[in-house]
Amino acid sequence: MAEPGDLGLRESLIGLGSRLAAAWVPTGVGQLFSAGMAAGLFDAVAGPGSLDGVLEPTVRAMEERLRVHARRGEARLDPEDELSVRTAALAFLDKSQFDRRRKQ
């Protein structure tokens, strides 16, 4: 997920978004993320494990993909600006984005 290969920004993000959207409901990825978020809020033991073991690696991989594109000059994003990169990664990974694509 972190390495876009030779793909440009548009192709890279469309391809990744399509793969995530295709897996979000049929394979239970969306339920896994939802359960992890709920555990993160309500369970002192399972919550941190779920957030650290599932959500955080996914966000970090997306951040790295965006940094690669930014370093190539394909994204208007400072690859060294942690807050901007993280915000962009979280926006891309927002579950509601996948729900909207699926309904279209």
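What percentage of the contacts in the chain between residues at least 6 apart in sequence join residues at least 24 apart? The share is 59%, where a contact means heavy atoms within 4.5 Å.

This is a predicted model, in which local features need pLDDT of at least 70, side-chain atom pairs count only at pLDDT 80 or more, and totals for chains, interfaces and linings use all residues. Residues are numbered from 1 along each chain as its sequence is written, and side-chain values use heavy atoms, with hydrogens and water left out.

**Figure 1. Overview of the chain and its helices.** The chain has 5 helices and 0 strands, and the order of elements from the N terminus is α-α-α-α-α. Helices (H or I, at least four residues) and strands (E, at least two) are DSSP runs, numbered from the N terminus. Along the principal axes, the C-alpha atoms fill a box of roughly 40 × 35 × 20 Å. Of the 104 residues, 36% are buried; buried means under 20% relative accessible area, exposed over 50%, and partly exposed in between (1.4 Å probe, protein chains only). Carbon and sulfur atoms account for 58% of an accessible surface of about 6400 Å², computed by the Shrake-Rupley method with a 1.4 Å probe; for residues, only the protein chains shown count as cover. The mean positions of the 14 positive and 15 negative charges are 8 Å apart. Lys and Arg count as positive and Asp and Glu as negative, without His and the chain ends; each charge is placed at NZ of Lys, CZ of Arg, CG of Asp or CD of Glu.

Figure 2. S12 lies in helix α1 (residues 9–24). The end C-alpha atoms of α1 are 22 Å apart, in agreement with the 22 Å that its 16 residues should span at 1.5 Å a residue; the expected span is 1.5 Å times one less than the number of residues. The buried residues of α1 are S12, L13, G15, L16, G17, L20, A21, A23 and W24. S12 counts as buried because its relative accessible area is 1%. Beyond its neighbours within four places in sequence, S12 is in contact with P4, L7, R65 and H69. The side chains of S12 and R65 are joined by a polar contact of 2.5 Å. A polar contact is a pair of N or O atoms within 3.5 Å; within protein, one must be able to donate a hydrogen and the other to accept it, and residues adjacent in sequence count only if both atoms are side-chain atoms.

**Figure 3. Helix α2 and its cover.** Helix α2 (residues 29–42) comprises 14 residues and reaches 20 Å from its first C-alpha to its last, close to the expected 20 Å. Its buried residues are G30, F33, G36 and A39. An α-helix has 3.6 residues a turn, so residues three or four places apart point the same way. The cover of the buried residues of α2 includes α1 and α3 (46–71).

**Figure 4. R86 in helix α4.** R86 belongs to helix α4 (residues 82–93) and is partly exposed because its relative accessibility is 26%. Not counting residues up to four places away in sequence, R86 touches E56, V59 and E63. R86 and E63 are 23 residues apart in sequence, with a C-alpha to C-alpha distance of 6.0 Å. A polar contact of 2.7 Å joins their side chains.

**Figure 5. R60 in helix α3.** R60 is located in helix α3 and is exposed because its relative accessible area is 53%. The C-alpha atoms of R60 and A2 are separated by 7.9 Å, although the two residues are 58 residues apart along the chain.
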